[in-house]
Amino acid sequence: MTDSKYFTTTKKGEIFELKAELNSDKKEKKKEAVKKVIASMTVGKDVSALFPDVVNCMQTDNLELKKLVYLYLMNYAKSQPDMAIMAVNTFVKDCEDPNPLIRALAVRTMGCIRVDKITEYLCEPLRKCLKDEDPYVRKTAAVCVAKLHDINAQLVEDQGFLDTLKDLISDSNPMVVANAVAALSEIAESHPSSNLLDLNPQSINKLLTALNECTEWGQIFILDCLANYTPKDDREAQSICERVTPRLSHANSAVVLSAVKVLMKFMEMLSKDLDYYGTLLKKLAPPLVTLLSAEPELQYVALRNINLIVQKRPEILKHEMKVFFVKYNDPIYVKLEKLDIMIRLASQANIAQVLAELKEYATEVDVDFVRKAVRAIGRCAIKVEQSAERCVSTLLDLIQTKVNYVVQEAIVVIKDIFRKYPNKYESVIATLCENLDSLDEPEARAAMIWIVGEYAERIDNADELLESFLEGFHDESTQVQLQLLTAIVKLFLKKPTETQELVQQVLSLATQDSDNPDLRDRGYIYWRLLSTDPVAAKEVVLAEKPLISEETDLIEPTLLDELICYIGTLASVYHKPPSAFVEGGRGVVHKSLPPRTASSESTESPETAPPGAPSGEQPDVIPAQGDLLGDLLNLDLGPPVSGPPLATSSVQMGAVDLLGGGLDSLIGGPNFVTPPAAAVPANLGAPMGSGLSDLFDLTSGVGTLSGSYVAPKTVGSISMDLQLTNKALQVMTDFAIQFNRNSFGLAPAAPLQVHAPLSPNQTVEISLPLSTVGSVMKMEPLNNLQVAVKNNIDVFYFSTLYPLHVLFVEDGKMDRQTFLATWKDIPNENETQFQIRDCPLNAEAASSRLQSSNIFTVAKRNVEGQDMLYQSLKLTNGIWVLAELRIQPGNPSFTLSLKCRAPEVSQHVYQAYETILKN
């Protein structure tokens, strides 16, 4: 009879019956009772009350019963640590048992009981098991060391278990070696700095010997360990490759991929002139091809890995194109991945085959796949020049099918073909123009507009075509609007007399009627160019464009090298390094391929800097007078002043306030204060060695957010308090101030008034009123403000962070119905939750304090003793933020939930709440 009967009972009073059965004298009855307990535990019932009774059943020779009791113990030891100590003696006893299965079972269970109180009692039994005569016990003990290290690392190091584990690498049994390697790798991963796996040629030799004899998972552990080793020269690399190659024919795909990883890594050290190098390339292809006959999920993992391998060494699979042809019953994720690899392997030799195949795919029913196939034809044209003509005629055939999405994809790729081969295939433009009305996707419309603008001189009715797009200008996506603006300007520069009205129309639409800053800026640039210097406009707008590159989606070489070291892991499927998706405290070590040996040619990575070349230009601290920031600020800069250059430090602009003492006096109120500006002349002539700190008053180093909250002087106004100190040796006059474009359009609302000349060492305090009607550009972080102050001596730049609540406006109170509807309307993924700690206020006090800073309580209710405040606020640029503040009377921690259509402001709103409530 099966064990299912144990899961069917749901009697009341069951615990008492089980208790009685567990204490029965009959062995069979005891075993039945333990099985019932395990069944109850498995379905989620709490049977922890039976802990002492189950532990009493440990004293038995019956292996099955012992396993069941140990299973129970693992599950409940954490919740009953004091009771679990009762089991220690039995463990110690079982580790001395003549049966190796019982010894191993005891040591395995010990490793799974994660209770600090017990671990020190388990050290002695574990030490004996690590030196046990039976390999089965030793291999189990090796894994137990890794588990114990996870619970208490210091204890494992003090007891010397790590050295014992290293000794097990030389064990005579291959499974013990594999488990010792696995345990050491696991420990080394959580402690990247410790050099636990100190591999040398002798230990590598032992690992390679064990490789042939251990199980498939043991082989994977050993191969992964080998992949972390760097051979001392190409001969050692070749010797390891020769001994790893037989693993390529293993039935387990994980073993195959681990072997491929080792070979791909060590091939870096082999010279391409070696006969062995060519042999190795030939041996790598068949196992990879074999992986593609597995089930679809495995195929997908194999294809993602092959994608990396093909980017690194396309020669491995260059003759295997046919295996990547799509089968009718492949799932879509496999089809798309195969398609990608086909393009990477496309060459002059196989392009005819590939094109015939792609044309076939373009008539499939799956829309996503068809789109990708049409794009692939375009990528082939760009990659293999000899095939371009054939690709274009294939695309034209597809356009004739008049299938909407096929036509649109074809137009997008033909635009790229025109960029790659100018003045070659323009004869097809007439065919493209016939399909103008059927285009409804932004990318296709933008591509068509680009073609019309670029070749306007060849299209008689170009102005009419572009005018037809202009009718619904405001309904178009940004991509189309930008392209249309550029195309009409190109048309105007080519046919000025006929298109003057059209260009004026588009410029006014872009600059006066549009809310999009990118579109406005581009419109103004064109407007100024055309009005000041049409010749320069022609040179800029109609300049010769660089040819587009063959492969635009290749992985960047250093990332590719790192991913090759992670073949067969999740990183190779995501095509991201582990640091991008592994969370938690465990350090992720960045791996890289070994350097090529002197005998081989340099690697195919981008040019490295010659010896002695600087590794990167030091960033200028004060921008040069002709640079972009100076131009943006549009300050009337005088001629350069003589004197030593100041920009000798590598401090990032904005990280330190160059005009004074860091960001120390940054305040949290609508009157936010910037640091004292140490106005210093550029020609002070300080000795070069003294560095910036002598020239500037940088007493507080890098700016940090500190200071105290200052209530607004006048509600509804924003001002900036500046303290200017003259640290120069001459009088300062003619002060002016300008802000760079910023996230909320902050700008001075009046000139900077310094009424009397500023003498050396004199300090003056000024309050500068601000408006929010300046130019807008998203900053990083959002509340960063870059400022330039100019006087008779020089221009000084600094950046400061302003608290967001200076921007909360007075009409930010929503009515209840609107609040409820808006809260529901904003997607849940835009909701962010924060904790405000150490806040002694009650709900009333918090509400009134927040209201004084324009955070309005829309509704208040009490749920299960918690006060819930529903609040709204509005920023100067019209963005609404909705909040739910949960306050538990007597608990100084508040929970704040924020919802906003622009979630990037939430973090700064939370900081504003903290500042207002705590100060």
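Q: Which residues have the most contacts inside the largest nonpolar core?
A: The model is a predicted one, and its largest nonpolar core has 212 residues. Within that core, the residues with the most contacts are Y72, L126, V244 and F418.

Q: Where is the bridge partner of V881, and which residue is it?
A: Strand β11 covers residues 880–887 and is mostly covered, with 6 of its 8 residues buried. It is joined to strand β12 (residues 894–900) by 6 bridges, and the two strands run antiparallel. The partner of V881 lies in β12 and is C900.

Q: Which residue in the turn between β10 and β11 has a positive phi?
A: Strand β10 (residues 866–874) runs antiparallel to β11 and is joined to it by 8 bridges, with K874 standing opposite W880 in β11. The two strands form a hairpin with 5 residues between them, and the residue in the turn with a positive phi, of about 90°, is G878.

Q: Why is the pair of W450 and Y455 described as it is, and what is its geometry called?
A: A search of the whole structure finds 9 aromatic pairs. In the pair of W450 and Y455 the ring centres are 6.3 Å apart, which is within the 6.5 Å needed for rings to pair. Because their planes stand at 85°, and planes over 60 degrees apart count as edge-to-face, the geometry of this pair is edge-to-face.

Q: Are W450 and Y455 buried or exposed?
A: A residue counts as buried under 20% relative accessible area. W450 has a relative accessible area of 9%, while Y455 comes to 6%, so W450 and Y455 are both buried.

Q: Which residues do ring pairs link into a cluster with F418?
A: Not counting residues up to four places away in sequence, F418 touches several residues, including W450, I451 and Y455. Ring pairs link F418 into a cluster with W450 and Y455.

Terms used:
Residues are numbered from 1 along each chain as its sequence is written. This is a predicted model: local features need pLDDT of at least 70, side-chain atom pairs count only at pLDDT 80 or more; totals for chains, interfaces and linings use all residues. Side-chain values use heavy atoms; hydrogens and water are left out. A nonpolar core is a set of buried Ala, Val, Leu, Ile, Met, Phe, Trp, Tyr and Cys residues joined through side-chain atoms within 4.5 Å. Buried means under 20% relative accessible area, exposed over 50%, partly exposed in between (1.4 Å probe, protein chains only). Contact means heavy atoms within 4.5 Å. Helices (H or I, at least four residues) and strands (E, at least two) are DSSP runs, numbered from the N terminus. Two strands pair if DSSP finds at least two bridges between them. Rings of Phe, Tyr and Trp (its six-membered ring) pair if their centres lie within 6.5 Å; planes under 30 degrees apart count as stacked, over 60 as edge-to-face and the rest as tilted.
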